Number of protein chains: 2
Amino acid sequence: MSENLNQRIVLAARPQGLPVPGDFRLEETPVPQPGAGEVLMETLFLSLDPYMRGRMGLVKSYAQPVAIGGVMVGGTVSKVVQSRHPDWQEGDIAVAYAGWQRFALSDGSGLRRLDPAAPLSAALGALGMPGFTAYAGLRNIGKPKPGETVAVAAATGPVGSAVGQIARIHGARAVGITTGAHKLAFARDELGFDAVVDHKAPDFTAQLAAACPQGIDVYFENVGGTVWDGVFPLLNPFARVPVCGLIAQYNHPGEPQPGPDRLAVTMREILSRSLTLRGFVMTEFWDSQQDDFLRDATAWAADGRLRWREDIVQGLENAPEAFIGLLQGRNFGKLVVQLGAA
Amino acid sequence: MSENLNQRIVLAARPQGLPVPGDFRLEETPVPQPGAGEVLMETLFLSLDPYMRGRMGLVKSYAQPVAIGGVMVGGTVSKVVQSRHPDWQEGDIAVAYAGWQRFALSDGSGLRRLDPAAPLSAALGALGMPGFTAYAGLRNIGKPKPGETVAVAAATGPVGSAVGQIARIHGARAVGITTGAHKLAFARDELGFDAVVDHKAPDFTAQLAAACPQGIDVYFENVGGTVWDGVFPLLNPFARVPVCGLIAQYNHPGEPQPGPDRLAVTMREILSRSLTLRGFVMTEFWDSQQDDFLRDATAWAADGRLRWREDIVQGLENAPEAFIGLLQGRNFGKLVVQLGAA
């Protein structure tokens with residue numbers, strides 16, 4: 001592959017259920033040339049996140065689907081390699097939304113400058129969109145109070161791990177749900193969850209209840225599926241449920257689910273326990289709260305209260321397989337593809 | 001029946017589905033005598049409300065069930081007929097929670113003094129608990145903005161009619177859902193709903209969509225059941241759903257519902273449209289907001305912006321049949337039982 005060619009991964013076909021490698025296609029195209037007011041950016045790190053599964057389908061969501069033949073979308077840490085924009089110089093580093101490709105143009109909108117000395121890939125994780133999802137969901141919806149119990153699944157992932165740690169910073173008790181001995185141990189020992197529960201254990205529901213003797217006041221919903229069934233009976237009166245992701249459902253968005261229909265009983269419990277369910281996408285809060293977040297999260301990272309683990313895959317060509325693994329929970333920590341070095 | 005006997009209606013049996021007259025029993029017992037610090041109150045008006053169905057069953061709800069043989073609970077407008085309490089005198093009128101009976105004792109707690117010249121029964125409707133349910137649900141959860149669309153069912157009932165009128169006071173557009181030509185006309189012509197829709201029309205969903213060309217920003221959920229199915233697809237991004245009642249489900253609280261299971265798709269839409277579902281019972285807000293409510297609602301009633309219709313049944317012995325009719329939507333306006341005159 002030539003340095004003079006852009007490499008990009010496009011959507012080849014809309015997946016049926018779990019995506020397969022054939023749903024993606026690696027293409028080589030000429031490197032685009034920046035026009036007046038534009039910069040050419042080279043991708044250093046590409047973020048892989050569950051929401052991308054939604055963009056591969058046609059089911060209406062909070063964003064437009066990727067077109068067949070279109071470049072897969074995604075957040076990136078990118079380096080300016082050529083600039084015709086007054087605010088940007090060659091060598092500058094920025095968070096961008098360049099997608100699954102090596103080179104992309106930008107007119108500067110949506111770029112956020114990064115300190116080249118900072119941990120760059122973290123700007124896609126704990127110090128970026130997933131971290132902000134945790135921060136904003138707790139600040140605006142979950143609102144944990146000291147002594148309350150906050151539960152979250154995918155507890156070693158970038159959102160879940162930040163939820164647990166920020167909950168503890170608020171004085172709440174954090175209960176992490178994940179699976180596998182290594183992830184459970186990491187959540188407890190490295191991330192500081194007060195209790196951890198294996199959602200694949202046969203007695204998951206009983207384990208979760210034992211881990212939440214005072215019930216659950218905030219359930220940060222980022223997975224859906226069977227975890228919800230264990231959590232729901234434990235929700236305390238006035239519990240808050242920020243809903244930011246439903247990865248367990250992403251592969252089967254349109255299919256009718258077998259009965260019984262749990263909607264009526266769910267609504268009854270929402271009423272009788274004065275529950276709050278609130279869906280959100282972090283973009284709702286980004287403009288007004290990003291400064292607070294970047295200040296707080298940077299400080300917490302510096303003093304060790306906000307930690308994270310990354311799962312870094314080398315090479316754009318390995319992004320599809322890594323993404324498919326993400327949807328199956330095979331990653332361990334924030335999944336990032338490294339394309340180049342700063 | 002003697003003036004010297006108390007009459008009261010007790011729960012004879014827990015209903016299976018819709019209550020039947022045999023689930024209630026009228027008893028006569030001695031009129032109780034007030035002790036030191038107590039008052040004897042005579043019931044003038046008894047409020048009948050859907051939540052009482054919940055109290056007849058054993059399914060866990062936000063309040064304790066009525067015991068078998070216990071007096072049915074309920075809000076009342078009562079007159080002090082004997083007082084050994086320093087704050088109350090014979091002839092004083094109060095809102096109380098004396099239940100389905102002619103006489104009751106009180107130590108003064110929970111009594112709210114009424115102006116004897118005011119419309120007394122309205123203190124059980126638009127100017128009481130149902131009106132406050134509408135007020136608090138909109139103020140704290142629905143938060144309608146000018147130009148937004150607020151939809152509510154049971155639109156001629158005490159909660160629904162207040163929701164529509166208060167929504168319009170906030171500058172929102174009010175869409176009322178009910179059934180029957182008289183109720184539809186009353187909602188439109190007397191209560192001022194901007195549009196009305198018959199939920200029993202074969203094309204209800206299409207009618208509702210036509211009545212909400214800009215979608216629905218606030219759906220005040222007080223009925224559940226099939227109305228929800230029509231409303232849900234119309235909810236706009238960031239729509240708010242205060243959930244205060246589910247009358248359509250009250251008769252079948254524990255039964256599994258036939259599939260498909262709509263929970264997953266509901267959660268997905270909560271996420272993709274950033275919806276808020278929030279259950280509440282008006283008592284949550286009563287202590288902190290009752291003064292505001294009584295001030296506002298009294299002023300709105302005086303200037304004609306808050307109107308109501310009452311369905312007054314004479315005689316305690318007719319309360320069970322009237323209550324059974326309420327659960328079937330047979331009443332037209334706030335259902336109140338009149339026991340005596342002030």
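Me: What counts as a cavity here, and what volume does the second largest cavity have?
Reply: A cavity is a set of grid points where a 1.4 Å probe fits but cannot get out, and a volume is the space filled by probe spheres set on the points. This is a predicted model, and the structure holds four cavities of 30 Å³ or more. The second largest cavity has a volume of about 40 Å³.

Me: Which helices each supply at least two residues of the lining of the second largest cavity?
Reply: The lining residues from chain A are A:Leu263, A:Thr266, A:Met267, A:Ile270 and A:Leu277. Those from chain B are B:Leu263, B:Thr266, B:Met267, B:Ile270 and B:Leu277. The helices that each supply at least two lining residues are H7 (263–272) of chain A and H7 (263–272) of chain B.

Me: How many residues of this lining are nonpolar, polar and charged?
Reply: The lining includes leucines such as A:Leu263 and B:Leu263, and also the threonines A:Thr266 and B:Thr266. By class the lining of the second largest cavity has no charged residues, two polar and eight nonpolar.

Me: Through what do the copies meet?
Reply: The comparison is between the interface residues of chain B and those of chain A. Of the interface residues of chain B, 100% are also interface residues in chain A, so the copies meet through the same surface.

Me: Are H2(B) and H8(B) roughly parallel or roughly perpendicular?
Reply: Helix H2 (residues 129–142) of chain B packs with helix H8 (residues 283–302) of chain B at an angle of about 110 degrees, their axes being 10 Å apart. Angles of 65 to 115 degrees count as roughly perpendicular. That makes H2(B) and H8(B) roughly perpendicular.

Me: How many nonpolar, polar and charged residues are in the contact of H2(A) with H8(A)?
Reply: In chain A, H2 and H8 also pack at an angle of about 110 degrees, with axes 10 Å apart. From H2(A) the contact takes A:Gly131, A:Phe132, A:Tyr135, A:Ala136, A:Arg139 and A:Asn140. The residues they meet in H8(A) include A:Phe285, A:Trp286, A:Asp292 and A:Asp296. By class, the contact of H2(A) with H8(A) has three charged, four polar and seven nonpolar residues.

Me: Where does A:Pro260 lie, and is the peptide bond from A:Gly259 to A:Pro260 cis or trans?
Reply: Most residues other than glycine have a negative phi, and most peptide bonds are trans. A:Pro260 lies in the loop between strand S12 (235–243) and H7 of chain A. With omega near 0 degrees, the bond from A:Gly259 to A:Pro260 is cis.

Me: What phi does A:Ser274 have, and where is its place?
Reply: The place of A:Ser274 is in the loop between H7 and strand S13 (276–279) of chain A. A:Ser274 is a residue other than glycine, yet its phi is positive. The value is near 50 degrees.

Conventions
Residues numbered from 1 in each chain as written. Chains lettered and ligands numbered in written order. Predicted model: local features only at pLDDT ≥ 70, side-chain atom pairs only at ≥ 80, totals over all residues. Heavy atoms only, no water. Axes fitted to C-alpha atoms, helices over the stretch in contact; angles between N-to-C directions. Helix = DSSP H or I, 4+ residues; strand = E, 2+ residues; numbered from the N terminus. Parallel < 35°, antiparallel > 145°, perpendicular 65-115°, else oblique. 1 Å grid on protein atoms, 1.4 Å probe; cavity = no way out; pocket = protein on both sides within 12 Å on 5 of 7 lines; lining within 4 Å. Nonpolar A, V, L, I, M, F, W, Y, C, P; charged D, E, K, R; others polar. Contact = heavy atoms within 4.5 Å.
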